[in-house]
Amino acid sequence: MQFGIFSVGDVTTDPTTGRTPDDTERVRNILTIAEHADAAGLDVFATGEHHNPPFVPSSPTTMLGYLAGRTQHITLSTATTLITTNDPVRLAEEYAMLQVISDGRMDLMMGRGNTGPVYPWFGRDIRQGIPLAIENYALLRRLWTEDVVDWSGKFRTPLQGFTSTPRPLDGVPPFVWHGSIRSPEIAEQAAYYGDGFLHNAIFWPMEHTAAMVSFYRERFEHHGHGRADQAIVGLGGQVFMRPRSQDAWREFLPYFHEAPVYGHGPSMEEFTRETPLTVGSPQQVIDRYGAFWEQVGHYQRQLFLMDHAGLPLKTVLEQIDILATEVVPVLRREAELRRPAGVPANPPTHAEMVAAARAAGQVHTQAVAAADHWTGRAAEDDVEAADAVTVRT
Amino acid sequence: MSKASIVVVSSGVSQPSSTRLLADRLAEAVSDELAARGRESDVRVVEVRELAHEVVNMTLTGYAAAPLADAQAALAAADGVIAVTPVFTSGPAGIFKSFLDVLDTAALAGTPVLLGATGGTPRHSLVLEYAIRPVFTYLHADAVPTSVFAATDDWAQDADDARSLPDRVRRAAAELADRIAARPPTRRPGRYDGVPDFEDLLGG
């Protein structure tokens, strides 16, 4: 079972000091956090994608590409990649490039985004959120699995004879997760493709998560990808730890009160009771997170939100150390001991997916060598080149 | 025929409250009118005051804590609803509106609803028509034509006065009972019922 962290990338004033980092400092802090998580032995670092303040991570593959060069073992991922407002052609290109650069040490998670104005800013209609997620992802998959794509749909300019480059590493696309909190259609989408499903339950009661995961598992089996308990499931989580639980409680309380989303709402007593937020000793985190499998079955990835609400960098790095040294080794061992036979321990790695594709005879290893009919020296040349291609086909 | 489930939403903020008094009168009258039509009923009262913190929390976080989720589920499954609020500052009590704001927008679609309000003076009685009825119209609830406003003076009225409070209660209750009796028991699909198969989503 994998354990990692995900960052929303919020710039929030530290309520205990009144200090606010600027965007540059926050971006650099996120990089430091990711490198620290790698060195500490965590399995995953995932960045969000946002296009509005107070969030800084607008360009995930730039960030993850840098981290691919700076880290050794950690899987680089997203939480989430906006499948609704990004051009699926750019996603195919950017994440294939990241896959090549990281030598397959990456995956990504599709999400629709929950910031209304981002849709119109990128020329989309929020009421089309689900149809956009479905059509864009269908195109993205074709761009990764087919060398030359002819395509037309409702939301994007049609494509004739388009090849997305670089082609996926070893001819096998990255593993994809789909994240959704309340839309069963997205769980259905993940199940249909046999992709992973991550329920970011950090603001929701666990019963809701259990119902959504159970629906995904049933549909995974229905669509013929294996048994329901073999589906690839991830959960979001949120913790703050100190050796003594009362210290954790006292230190985190001011951050809780100011946190985006739930600040000034429920009390921390209510929120820790109703959602997976756990504030206390490492043992309390082990007890709580070590029991979630009872509600969702053995799952493959647990992500924690750690760097938010204005927590200073030093504190975040300490939290990562506590998580990596005191919590994760125990949870990992317990998960492995109770994992049912035939249920994958982890989401598939690149090497495993390549082996599976080779076994099924599905890997195209030859390069897409094609004459360049397109590139001209001036815009006018492009028109002629395009005409030439049109005549020839 | 199964028992009709009646859910009463009472949004008085004091205890005891004249809003709850009116709500109980309405509930009793509806039960009597249903009994006269040969239908038994179960009445459940939701005191919004007791859920006030959870309503605010859900407004901010988007999820309902267990007691609020339970009340919402009862409303969605109700065969008839009686909704009563005090009038504050020429509108419904804010907590009443907030309670409705965090309700699933489909929870009351088609459900017969009786509207009631209380206030210090009859001069506020049209609040029911211009500020409260439109909310239920938006929710596609089936609000009966007679709504019942009880001003302080109504509680001291003679029962044989023209259009006294008991008259209005009876008339509104009969309208609600007629509608409940005329329709099949409420059944609503769950979140996971009727999710289209992915091939249909792709094709659509």
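Helix axes here are lines fitted to C-alpha atoms over the stretch in contact, and angles run from 0 to 180 degrees between N-to-C directions. All views show a predicted model.

**View 1. Helix 6 of chain A packs with helix 7 of chain A at an angle of about 35°.** The two axes lie 8 Å apart. Helix 7 of chain A spans residues 206-222. The crossing of the two helices is right-handed. Helix 6 of chain A supplies Pro184(A), Ala187(A), Glu188(A), Ala190(A) and Ala191(A) to the contact. Helix 7 of chain A supplies Met212(A), Phe215(A), Tyr216(A), Arg219(A) and Phe220(A). By class, eight of the contact residues are nonpolar, none is polar and two are charged.

**View 2. Chain A meets chain B.** Here 18 residues of chain A are in contact with 12 residues of chain B. On the chain A side, the elements giving two or more residues are helix 5 (129-145), helix 6 (184-193) and helix 9 (268-274). Helix 6 of chain A gives the most, with five residues. This side of chain A divides into 11 nonpolar, three polar and four charged residues.

**View 3. Ile74(A) sits in the loop between helix 2 (60-70) and strand 3 (75-78) of chain A.** Ile74(A) counts as buried because it has 25 C-beta neighbours inside 10 Å, and the cut-off is 20 or more. Leaving aside neighbours within four places in sequence, Ile74(A) is in contact with Ala37(A), Asp38(A), Leu42(A), Asp43(A), Val44(A) and Phe45(A).

**View 4. Ile74(A) and Asn136(A) are 62 residues apart along the chain.** Their C-alpha atoms are separated by 28 Å.

Technical notes:
Residues are numbered from 1 along each chain as its sequence is written. Chains are lettered from A and ligands numbered from 1 in the order in which they are written. This is a predicted model: local features need pLDDT of at least 70, side-chain atom pairs count only at pLDDT 80 or more; totals for chains, interfaces and linings use all residues. Two residues are in contact if their C-beta atoms, placed from the backbone, lie within 7 Å. Helices (H or I, at least four residues) and strands (E, at least two) are DSSP runs, numbered from the N terminus. Ala, Val, Leu, Ile, Met, Phe, Trp, Tyr, Cys and Pro count as nonpolar, Asp, Glu, Lys and Arg as charged, and the others, Gly among them, as polar. A residue is buried if 20 or more other C-beta atoms lie within 10 Å of its own, exposed if 12 or fewer, and partly exposed in between; C-beta atoms are placed from the backbone. A crossing is left-handed if the near helix is turned anticlockwise from the far one by less than a right angle, and right-handed if clockwise.
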